[in-house]
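Student: Could you take me through this structure by asking, for each term we apply, what value stands behind it?

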Amino acid sequence: MQEYIQRDCPSCQFSSATAKLVVQSNPPAEEMEFEELSDFWRGFRKNTVFFSYYRCSGCKLLYCPTYFNNEQLKFLYSRMDDNSAGEDLKILKKAQISYFSILGNRKEIKGHWVEVGADVGLFAEQLSNYHAVSSLSIIEPNLNSHSYLQQLIKSEGVLTSSWNEIDSELRFDGLVGIHVLDHLVELKAELKRIHHHLRSDGAVFFVTHNESSFLRFLLRGKWPPFCLQHPQIFNRGSIETTLQMSGFCSVYTQSSPNYFNFRHIFSVLFSLIGFHRNLLKFVPNFSLKLRLGNFATVASKS
């Protein structure tokens with residue numbers, strides 16, 4: 001396979017030569033062979049590995065100047081399961097319901113909607129069941145999810161694995177991307193495409209990790225979103241700047257809650273610090289509503 005790519009800021013294209021190093025693993029991913037990195041693609045572990053994150057001197061986005069090339073990413077994502085990370089889907093659904101509430105408080109949810117990266121369809125289900133949504137399209141690269149997602153598609157909607165299969169003339173009233181923006185290598189180009197596919201009064205709704213959160217500074221290099229899957233990570237300021245540079249306006253951000261099984265939280269922590277999983281039997285098993293560093297963003301096309 002080809003070597004890793006070198007890139008300037010994916011948001012403002014400011015030169016990476018002027019970006020400042022913020023955090024790196026030991027060893028940094030860019031110093032390892034691809035065959036070694038494939039073992040670190042998924043899961044939580046004590047010795048985590050990721051590409052070094054730098055702060056753009058222009059728009060202040062935190063991003064990786066060195067990252068996987070398209071061929072490598074295609075191989076890695078082909079081996080990827082869903083994003084539930086072992087958590088109970090009933091608990092994860094509570095978070096999706098709260099996301100839907102945040103969106104509904106800022107924008108009228110009606111007409112034609114599309115979700116990018118629907119995963120197992122928890123948010124898509126909310127859209128599909130909403131009376132004012134006349135059609136729902138889904139773009140999900142993981143073909144293993146398509147059999148279930150097909151049941152959620154409403155009249156006139158389509159289910160596809162990429163934007164290339166969406167008619168260039170098709171326009172949507174709204175687009176949803178939950179933990180999608182931090183995975184996009186060609187960030188600016190993808191946001192321009194999203195902007196193009198929205199109606200003049202269309203809106204976008206994103207959920208992303210917050211690299212300015214207290215948990216990120218508490219865990220430092222052990223913060224789970226610092227991983228091989230994220231070529232960039234946002235904070236409220238950088239996502240507003242990024243969206244505005246791609247033509248969006250009225251950018252609103254809000255901390256978003258997550259619901260976790262208490263034992264699942266400790267399972268992740270034990271993996272990060274190297275404790276034996278047998279200790280989990282001493283951890284109570286109940287769910288919690290926590291704000292662990294994610295935030296939701298709503299923005300308008302015009």
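**Terms and the values behind them**

Tutor: Buried residues make up 52% of the 302 residues in the protein, where buried means under 20% relative accessible area, exposed means over 50% and partly exposed lies in between, with a 1.4 Å probe and protein chains only. This is a predicted model, in which local features need pLDDT of at least 70 and side-chain atom pairs count only at pLDDT 80 or more, while totals for chains, interfaces and linings use all residues. Residues are numbered from 1 along each chain as its sequence is written, and side-chain values use heavy atoms, with hydrogens and water left out.

Student: What makes strand S9 largely enclosed by the rest of the structure?

Tutor: Seven of the seven residues of S9 (residues 172-178) are buried, so the strand is largely enclosed by the rest of the structure. S9 also has pairing partners: four bridges join strand S6 (residues 111-116) to S9 in a parallel arrangement, and six bridges join S9 to strand S10 (residues 198-209), again running parallel. Two strands pair if DSSP finds at least two bridges between them, a requirement that the four bridges of S6 with S9 meet and that the six bridges of S9 with S10 meet as well. Within these pairs, Trp113 stands opposite Gly174 in S9, and Val176 has Phe205 in S10 as its bridge partner.

Student: How do you know that helix H4 is largely enclosed, and what covers its buried residues?

Tutor: Seven of the eight residues of H4 (residues 122-129) are buried, so H4 is largely enclosed by the rest of the structure. The buried residues are Leu122, Phe123, Ala124, Glu125, Gln126, Leu127 and Ser128. What covers them includes helix H3 (89-106), strand S7 (133-139) and helix H5 (146-149), together with S6, S9 and S10.

Student: Why is H3 called oblique to H4?

Tutor: The axes of H3 and H4 come within 8 Å and cross at roughly 50 degrees, the axes being lines fitted to C-alpha atoms over the stretch in contact, with angles from 0 to 180 degrees between N-to-C directions. Angles under 35 degrees count as roughly parallel, over 145 as roughly antiparallel, 65 to 115 as roughly perpendicular and the rest as oblique, and therefore H3 is oblique to H4. The crossing is right-handed, a term used if the near helix is turned clockwise from the far one by less than a right angle. Leu89, Leu92, Lys93, Gln96, Ile97, Tyr99, Phe100 and Leu103 of H3 make the contact with Leu122, Phe123, Glu125, Gln126 and Leu127 of H4. These residues divide into nine nonpolar, two polar and two charged, where Ala, Val, Leu, Ile, Met, Phe, Trp, Tyr, Cys and Pro count as nonpolar, Asp, Glu, Lys and Arg as charged, and the others, Gly among them, as polar.

Student: What makes helix H6 oblique to helix H8?

Tutor: The axes of H6 (residues 187-196) and H8 (residues 236-245) come within 9 Å and cross at roughly 60 degrees, which makes H6 oblique to H8. H6 passes H8 in a right-handed crossing. Leu187, Lys188, Leu191 and Lys192 in H6 meet Thr242, Leu243 and Met245 in H8, a contact with four nonpolar, one polar and two charged residues.

Student: Why do Lys60 and His179 count as partly exposed?

Tutor: Lys60 has 45% relative accessibility and therefore counts as partly exposed, and His179, with a relative accessible area of 22%, is partly exposed too. Lys60 has a positive phi of about 75 degrees although it is not a glycine, and this residue is found in the loop between strand S3 (53-55) and S4. His179, likewise not a glycine, has a positive phi of about 55 degrees and lies in the loop between S9 and H6.

Technical notes
Helix = DSSP H or I, 4+ residues; strand = E, 2+ residues; numbered from the N terminus. Contact = heavy atoms within 4.5 Å.
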